[in-house]
Amino acid sequence: MSKFLAFGEIMLRLSPPGRELLLQTPKLDVWVAGAEANVVTQLARLGHDVGMATMVPDNDLGRAAITTLRGHGVDTSSITFGGERMGLYFVTSGAGLRATEVVYDRAWSSFAEAPTSAWDWDTLLAGVDRFHLSGITPALGPVPAESALAAVEAATQRGIPVSFDGNWRGKLWERWDSNPRAILTDLVAHADLMFGNHRDIALLLGRDFSSDAEDRRRDAAEAAFEAFPRLQTIASTARHVEHVDLHRLSARIDTRATHVQTEEVVLAGIVDRIGGGDAFAAGVLHGLRSGEDIANVARIGLALAALKHSLPGDASLFRQADIDAYLAGGLDVRR
């Protein structure tokens, strides 16, 4: 049976209830979080065989994270115990014209401090036919960056296709003497599927694709295909923010031969936008694994991204029936 494996940090997300400011009152809602964990959680909910490779502390926090993922159907046998602390981050939801704010508390976490030797890729990649990671892991520091590169090299050596989500996190890269362009370029060179837009490609290639030209996204995609011989597909979204509770979102798939772009959907009454990109990535992976054409892949990715905005917390938790209902346009009560 085919299997996805993701590599990255599992964290806890803490948020004040409703639209309160952080610690406005002494209450915090807690969710298990992490970009790669979000992707495999949604894939597991859609019936795929998925695993997560990471390290958590051997305490109640680490064990609760494992229990949560296992409860959604994720294979947690590749999660190891080590280190002393769980990575945390705090999300204060915006309102009106006040933007959502993120505060990271991830330094010296179990995953960030794990040595490259902690990962036995011969064992971890056995039986895997798709490996997924994101640009968040190398942003954590030089050792996680080295581990990420070792991971994609191991996958490539075994003929396992790699999907890579840019997931730019400037606050994390700024914490250390990093060279994001060089590090991310080395990682993308191993990917056949990239999640990222023209701005991500501009960072990788040192070129500007920010003009108002209608085909700038295609120009960027073609430049990326030329620079990265393994790269076959680029998936991206475009978001226009009117205010915190009203966004417009579209999806796009570029291949070497062609591209498709969806119409915009209006997202009103947004509950939580965090994790929308991970839901999109899971939808694209699901659509590709299901043999859909790229037009349907884009629609499935957009469906899950849109649905995620209706759900609090980081992870998208929908089933195939939810995707089908969304694509059918049914908003009446499902009885």
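Reader: Which residue in β6 is the bridge partner of methionine 11?

Author: Glycine 87 is that partner. This is a predicted model, where local features need pLDDT of at least 70, side-chain atom pairs count only at pLDDT 80 or more, and totals for chains, interfaces and linings use all residues. Numbering starts from 1 along each chain as its sequence is written, and side-chain values use heavy atoms, leaving out hydrogens and water.

Reader: What makes β2 and β6 a pair?

Author: Two strands pair if DSSP finds at least two bridges between them. Strand β2 (residues 11-15) and strand β6 (residues 87-92) have four, and they run parallel. Strands here are DSSP runs (E, at least two residues), helices are H or I runs of at least four, and both are numbered from the N terminus.

Reader: Why is one side of β3 and of β7 left without a neighbour in the sheet?

Author: The open sheet has four strands in the order β3-β2-β6-β7, with mixed pairing. β3 (29-33) and β7 (101-105) stand at its edges with a single partner strand each, so one side of each has no neighbour there.

Reader: Why is β4 called largely enclosed?

Author: Buried means under 20% relative accessible area (1.4 Å probe, protein chains only), exposed over 50%, partly exposed in between. Seven of the seven residues of β4 (residues 50-56) are buried, so the rest of the structure largely encloses this strand. Val50, Met52, Thr54 and Val56 point one way, Gly51, Ala53 and Met55 the other.

Reader: Which strands pair with β4?

Author: Strand β1 (residues 4-7) pairs with β4 in the parallel sense over four bridges. Leucine 5 stands opposite glycine 51. Strand β5 (residues 79-81) runs parallel to β4, joined by three bridges. There, methionine 55 has threonine 80 as its bridge partner.
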